[in-house]
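Please look over the sequence and the structure before reading on.

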Amino acid sequence: MKRPVQEDNRASSETSEDSDDGDQIEKGHVETVPPTKRSKLSKAELYKPPTNVELTTLKETSALYESSLFRMQISELIAEVTPKSKKNSSLEKVLHSLYGTLDKLPSGKQYDLTDQSWLPDGIEVPIIQEPCNGKGMFFFEKPAAVKVIGSYLLETCTKPNMHVDIVLQIPKVCLQRKDYLNFVYHRKRALYLACIAHQLKNVDYLENIKYSYMNGDYFKPILILKPSGKIGKSYVIRVHTCLPESFCKLSICHPDRNNVRVDWFTGRQGEPNTPTPHYNNSIAIDLFMEQHLRHLFSEMEDFTGMREGIVLLKVWLHQRQLNKGVGGFTGFIMSMLVSYLLSLKRLNKLMSSYQVLRNTLYFLANSDWTRRGISLCKHEDDEPITADYHKHYDVIFIDTSGYVNLCADVSRLAYLQVKHEAELSLKYMESISAVDSFQALFMTKVPFTRKFDHIFHVSKLSHLQSCCKQFDVEDSVSDHGGDFVTAVLPSIVEILEKGTGKRIKLFGMHQPPHKEWSVNEKPPHWKDLTHLTFGLLLDPEYSMRVLDMGPPADSQEAADFRQFWGNKAELRRFQDASICEAVVWPCMTMADKRLVCNQIIVHLLKLHAGIPPGCITYLGGHLDSLLRQPQDEKHKPAKKSRKELSGTGDEENLAVIHAFDSLNKKLRGLKDLPLSIASIQGTSPVFRYAQVFPPNVLHKPASRGLRLQGYIQCPLPHTPSQWVPVLKVICTMERSGKWPDDLLAIQRIKAAFHIRLSQMLHKEYKVVTAATDKFVDAFVDGFVFRIHVAYPREVVLLKQETTPQGLLQLRDTTQSLELEKETISLPKLTSALHSIHQSNPTFSGTVRLAKRWVSSHLLYSYLKEEAIELLVAHLFLNSAPFTVPGSPVVGFLRFLHLLANHDWINNPLIVNISDNYKAGDHDDILEKFKCDRSQHPAMFISTPLYKLSSPWTTPDPSTQVLQRLILLARESLQLLEQQMSDCYEQQQDYKQIFRPPVGVYDVIIHLKSKYLSKCDHAIDYVRGNVIEKSQKGEDNRKILPVVNFDPAEKYLQELQ
């Protein structure tokens, strides 16, 4: 029996924020457990009817789960991420020792709250004390109660780095009547923790003690205790404090109350006091900690499905990084949400963990807590109602008391991201198989850099402080204790959302979490924040829109429009004769249009927040230089037209397609052919939008060189030649009885067709052509097309062979397979990939970056370009758990992740490029693949045309090459994501992952660049002696240039 064991590779949703255990969830390994010996069953035992328990299990599987395999996967996941035993003896021993120490703590003396000179050396107060003045006295007394709360007690904690939450109730004698005012309680709370830290500093059962902010709240520090010995590798103890229930009247915590006096906080007298809802909520939540625990404990009683469902939801949150950072959607909020659904009877105690998961995700996807909050409280007359909360908070989820908003610190952006992920998860659960949905839900990480299409960093956050008055959020600053970053962010996000409009489907924000710090260090300050990171999920329908149309010039809204956009607003007359306010963003190429959001964001942040462009690092086109051919200064026109501007190949691709359409019309316009043309299809990568550097229009071939027949150029020795690729076109002729059955005769007829096509194109359309027996080259609109005549029956004739009995049978041969691939499979693949690009324009940039990367590591000859294209196509056809890539960069990141993390040994990559797979095909492919694994290539890609074979990866890449690719992809992905995260500090060299490590080679040969036709394709190309480029001229159709001549490639072939 084989049982998958994945130790320490499941992420806890409530671990400390700086833990990076999500990486381990994808790197599980399989250990083989020796099978236990079983006695041989008798015939009667073997065929006895199933027991009631077995029948019940089968019924539950069909009713409560998608399949028995899905149930097994969920059961195994829960077993792996939860502790093996409910209680750990070593941990219990530490907890008992801790309780004993806390129970024997001596009482302290009474001190003025502002006099902290009595603190022992090596102990700092873990709170920011600004302003430093405050009224009150501090007196330490041992905790009135010490209780274990949270996921450990509820049996919902998850591996690794599990934590045990302990709450210390501050004795009533340590508190005064008005400690709820002006952060007095928060400072006493921090001093209390400092005293506890001092007393525990030298105990032998603790390895170290640190401070941390609870969920990033600057005024809710906690103690992090790491036990000594082996148990400290699995568990940490988090120490919280709480208030006695009689600390203050509950009305004090009403969101409309003010508990931070303006004259105390600002020093300005006579100003009115405004509500402090976030401050009030932070006090209220310390009053009801124990009540929340009792509520969850009672709801989970006799409901195993709820407990296991919460574990699954925590893993789901963690894999999407939704529970990390400041204001994350924590596992505690998710647990309370499940209890809320149980109170609504949307869940019942007979449901399985999967049903709890699915119903919770469904509720998240179909509710909106920003407009209509939810509440666990049955409101009474003296309790605040949901409407009171909506005036002060972005997201509303009220607890059982009616005075705590559980989502007070959850930003609107964080909530909308949770909602978006729930919608995606439901979509993939319904549209893909159980195996794939399990992988998408629980096993695949969704990091910030791979989730959002564009990201940008805002650094030097001191600029935000100066715009608090402009946004009228000074009251919010005092509510957050001076944290101007948290106070001003909602206003900035609102401006950016308004400016980008429909271009953005989802905004995301990531604030770097504060790490734990030593008890002898001062606490991290909000002024220490180096940057904020924002993510943009683009809407492909609107993301490249360059015009923002405003109201009519004579309307009342016109003034508001001009004020919002500043000097960018202008009056424009439109085709319907209306004159309206408008903003036009200058974009000359498609690459510019993809970055129109960059222009909008930079302009609005400077106009409304005073943030200079130098403080904004926008990432969306930082790899564009790798797709842009350098322009030689010698031949660069002084002023370029719109069509001549150098972008990232999009314009060149369109020029090729237009030229191909022109050729298509010319070929179909030929009247005197013996047979009509059935189809004309391009098969070069450029027709799939997959050519790394699409060819430029050749206005006039270089004048130097030897010419055959007066117009066909040939390369000369020691003379550089311009790179001119040929574009392959398959011209399939109609089936007819005129075709012979003899292969040699067919070849001669095809040669005759080539000559005939060449003559007629030249005669009727003045096209420069050159015919051979294998093809005809045609120079049309500045591009050289190589036309191959194809006859479909030729493939069948190549497969025919005669048996000894004189019968004909079909059998694949090397020639038949090659011809079938060139004339049948490749045109179909080109058509399918062309349609993918039409639906998803970022496909082109993604596949070209992928090819650029493979080629730069000198592995292009070992991995066919069609295989790379299929790998990228898979990302667009099966994007779970992400959305379809909306930018080439994010598509390239996912390509590297797919290459590095797909299980190539045990699973084929199934790419449904034409949506022709039937129900059950996936299972059949997987079963036959595993049965004949040794017969298949190292990288197996199944397509509807080749379900059980992989011609695009046969015979290469070999196992060794594939391992090399996986290693390079893993390292490149890690480096590129790190560069994207750190680019706010210094300029990054994004070309680094495209430079091959040449130190492993014994011999390196350097070629003279002036003789290389592709020298400008190099990663670090430096202009030197340039090859003569084409210029416009009158005789641009009278010369056929040298084609497909690459001296470096020819030299390599000779060496091989």
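The sections below cover the model, the overall fold, the cores, a surface patch, the cysteines and the backbone.

## Basis of the report

This is a predicted model, in which local features need pLDDT of at least 70 and side-chain atom pairs count only at pLDDT 80 or more, whereas totals for chains, interfaces and linings use all residues. Residues are numbered from 1 along each chain as its sequence is written, and side-chain values use heavy atoms, with hydrogens and water left out.

## Overall fold

The protein chain contains 32 helices and 30 strands. These elements are DSSP runs numbered from the N terminus: helices are H or I runs of at least four residues, and strands are E runs of at least two. Among contacts in the protein chain with a separation of 6 or more, 73% are between residues 24 or more positions apart; a contact means heavy atoms within 4.5 Å.

Of the 1056 residues in the protein chain, 53% are buried. Buried means under 20% relative accessible area, exposed means over 50%, and partly exposed lies in between, with a 1.4 Å probe and protein chains only. The accessible surface of the protein chain is about 49,800 Å², and carbon and sulfur atoms hold 51% of that surface. Accessible areas come from the Shrake-Rupley method with a 1.4 Å probe; for residues, only the protein chains shown count as cover.

## Nonpolar cores

In soluble globular proteins, nonpolar side chains tend to be buried together. A nonpolar core is here a set of buried Ala, Val, Leu, Ile, Met, Phe, Trp, Tyr and Cys residues joined through side-chain atoms within 4.5 Å. The largest such core has 179 residues, and the members that touch the most others are Leu337, Trp369, Phe397 and Phe456. Helix H6 (residues 184–200) supplies the largest share of this core, 11 residues. A second, separate core has 62 residues, among them Leu537, Leu898, Met939 and Ile993.

Phenylalanine 397 illustrates the packing. With neighbours within four places in sequence left aside, the contacts of phenylalanine 397 include Leu337, Trp369, Met336, Tyr340 and Cys407.

## A nonpolar surface patch

A nonpolar patch on the surface is formed by Val1003, Ile1005, Leu1007, Tyr1051, Leu1052 and Leu1055, which together have about 570 Å² of accessible area. Patches are made of residues with over 30% relative accessible area and no salt bridge, where like charges are joined within 9 Å and nonpolar side chains (Val, Leu, Ile, Met, Phe, Trp, Tyr) within 5 Å. A salt bridge is a side-chain nitrogen of Lys or Arg within 4 Å of a carboxyl oxygen of Asp or Glu. Leucine 1052 belongs to helix H32 (residues 1047–1055) and is partly exposed, at 43% relative accessible area.

## Cysteines

The structure has 0 disulfides, a disulfide being a pair of cysteine sulfur atoms within 2.5 Å. Cysteine 587 is buried at 8% relative accessibility, and cysteine 597 is buried at 1%.

## Backbone features

The peptide bond between glutamate 130 and proline 131 is cis, with omega about -5 degrees; proline 131 sits in the loop between strand S3 (110–112) and strand S4 (137–139). Another cis bond links alanine 880 to proline 881, with omega near 5 degrees, and proline 881 lies in the loop between helix H28 (865–877) and helix H29 (888–901).

Glutamine 321, a residue other than glycine, has a positive phi near 55 degrees. Glutamine 321 is located in the loop between helix H10 (304–319) and helix H11 (331–343) and is partly exposed at 27%. Aspartate 781, likewise not a glycine, has a positive phi of about 55 degrees. The loop between strand S25 (776–780) and strand S26 (783–790) holds aspartate 781, which is partly exposed at 31%.
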